[in-house]
Amino acid sequence: MRVPLFEQLVTLYASNPSSYHVPGHKYGTSLSLMEGTNDEQVLLQAYQSVMQLDVTELSMTDDLHGPSGVIEEAQQLAAETFGAEQTFFLVGGSTAGNLAMVLAVCDAGELIIVQRNAHKSVLNGLKLAGARAVFIMPQRELGSGLDVVPSLKQIEEALERYPEAKAVFLTNPSYYGLSVDLEPYAKLVHRYDKILLVDEAHGAHYGLHPRFPRSALQAGADAVVQSTHKTLTALTMGAMLHVQGPRIDRKGLAEALRMVQSSSPSYPIMASLDIARGVIDEACERLFERGIAAADDFQHWVMEESAQYELSSSRVWDGNGLQVQVDPLRVVLRSKTGKHSGFELLKQLESFGCYVEMADVQYVVLLFGMGAETSDVQRLKQALVAIAAAEGVPAAVSTLANESLAYQQSVSEPVLFSRRGTGTDSKTIGVVELSYAEGMLAAEAVIPYPPGIPLLYEGERITADAIAMIKQLVQYGARCQGATDPTMQTITVLRTG
Ligand SMILES: Cc1ncc(COP(=O)(O)O)c(C=O)c1O
């Protein structure tokens with residue numbers, strides 16, 4: 001396996017170096033000063049093995065922000081594997097990539113067309129840039145009630161209406177593993193001579209197995225962010241930003257990355273990206289067989305043998321002409337009887353030691369990683385059978401959660417984002433009971449987490465549907481990040497609104 005960055009770190013450690021530089025833990029040796037029980041020592045030793053790779057920019061370890069050695073080589077290998085012309089390693093997750101893509105494309109006041117249900121990092125990118133965004137509503141896949149990218153028609157309408165737009169920003173696949181093929185989108189956006197940016201955080205594995213949908217790069221996107229840590233083997237926060245073609249300003253992108261990423265990027269994370277790519281080069285399709293088989297086995301059980309649960313994917317249809325693809329590694333499940341909300345199911349599963357990726361009012365989202373085994377499937381089935389057999393708390397599961405953003409206009413007016421936000425001046429903002437906030441302008445974003453997709457952003461008009469959504473999410477135990485009142489009984493609004 002060719003893993004130049006990882007090999008260099010191993011070579012360095014094996015050469016018994018003396019460290020007179022940061023990090024001060026000196027390859028983890030400082031931890032040997034600790035005394036403790038045997039168990040503690042075992043844990044510390046395990047941790048120490050990661051610290052052996054934790055170095056800084058030395059002449060032989062290269063520099064992420066101006067690579068010319070092993071990091072450059074590792075990034076080039078990644079570009080070849082994922083089909084990019086250039087790849088940037090990210091140590092701050094897709095979050096860093098989304099911020100950088102927006103910053104590279106938009107200066108203050110410039111306009112970008114953005115899919116409304118974007119991750120909060122995209123909105124934060126808009127804030128940092130001081131950009132203006134025109135939001136386009138996602139399409140609803142009618143069978144499952146889940147959202148996918150906006151239609152071509154909506155995007156064309158926005159491109160016609162806003163010829164000054166710098167780029168179109170899409171999120172594909174969704175957190176629920178639904179996607180569409182982006183080739184017609186790339187063609188459309190390029191016909192208008194604009195840049196197509198794609199948040200493919202949940203699709204780092206796309207294009208790597210015949211069962212997976214094509215990747216955004218394969219479809220022709222100009223810049224694509226992937227969370228290598230989500231579905232491949234990188235450490236958490238390890239992600240990649242791939243670019244191709246002449247449209248994106250690569251120098252500007254590298255500069256934006258220098259702004260949003262640490263000047264001391266983590267070598268264990270970067271090495272994990274090198275290894276994640278190396279493993280794919282070595283084993284590629286074989287790597288995914290087990291996870292796909294486990295997910296298939298589980299889904300087959302739900303469809304054929306379980307009367308209490310159903311899959312969102314078995315409800316996906318193209319009766320509305322929408323060709324939706326489903327990630328074979330992601331299973332979106334709900335109680336058929338409405339006995340348990342998704343949140344309730346998540347809690348119950350945790351009591352059986354089964355930890356899922358996310359829940360909403362209806363669904364739980366499960367990821368079958370490449371390491372998934374038959375025993376994982378067995379454990380899950382047993383837990384679900386036991387949950388169904390027990391007296392559950394009846395919960396009237398409504399479809400409201402998945403109506404999420406349907407209340408808004410298809411193509412919004414331009415919205416100006418500003419890092420200073422609406423401020424905290426009591427003359428301009430006030431706190432009202434959520435129930436009375438209809439028609440006012442939100443002075444804070446409301447972001448249920450996960451999935452981290454804002455239900456309301458600062459400055460957005462609060463509708464009755466949005467209020468009902470927030471109330472329902474909170475009632476079912478969702479956490480809203482960044483809200484002044486975490487219970488969401490009240491909300492901060494603009495007085496002028
Ligand atoms: C659609 C989407 N984009 C971006 C991100 C951020 O990714 P990361 O956690 O790698 O920073 C997430 C996180 O879950 C996400 O769901």
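Visitor: I'd like to start at the ligand. Which kind of ligand atom lies 2.7 Å from a polar side-chain atom of His202?

Guide: An oxygen atom of the ligand does. We call this a polar contact, a pair of N or O atoms within 3.5 Å. The model is predicted, with local features needing pLDDT of at least 70 and side-chain atom pairs pLDDT 80 or more, while totals for chains, interfaces and linings use all residues. Numbering runs from 1 along each chain as its sequence is written, and side-chain values use heavy atoms, leaving out hydrogens and water.

Visitor: What else lies 2.7 Å from an oxygen atom of the ligand?

Guide: A polar side-chain atom of Ser227 does. Ser94 takes part through its backbone instead: an N or O atom there is 2.8 Å from a ligand oxygen.

Visitor: Which of the 13 residues around the ligand come nearest?

Guide: Thr95, Asp199, His202, Ser227 and His229 do. To count as near, a residue needs a heavy atom within 4 Å of the molecule.

Visitor: Now to helix α11. What does its span tell me?

Guide: Helices are DSSP runs of H or I with at least four residues, strands are E runs of at least two, and numbering starts at the N terminus. The expected span is 1.5 Å times one less than the number of residues. For the 39 residues of α11 (267-305), a straight helix would span 57 Å, yet the end C-alpha atoms are only 47 Å apart.

Visitor: Where is the kink in α11 centred?

Guide: On Ala283, with a kink of about 100 degrees; the bend is the angle between axes fitted to the seven residues ending there and the seven starting there. At the start of α11, a side-chain oxygen of Ser266 comes to within 3.1 Å of the backbone nitrogen of Ile269.

Visitor: Which residues does a cis peptide bond join, with omega of about -5 degrees?

Guide: Val22 and Pro23. Pro23 sits in the loop between α1 (4-14) and α2 (38-51). Another cis bond links Asn172 to Pro173, with omega of about 5 degrees, and Pro173 belongs to the loop between β6 (167-171) and β7 (178-179).

Visitor: Which residue has a positive phi although it is not a glycine?

Guide: Asp193, at about 60 degrees. You'll find Asp193 in the loop between α7 (183-191) and β8 (195-199).

Definitions and conventions: A polar contact is a pair of N or O atoms within 3.5 Å; within protein, one must be able to donate a hydrogen and the other to accept it, and residues adjacent in sequence count only if both atoms are side-chain atoms.
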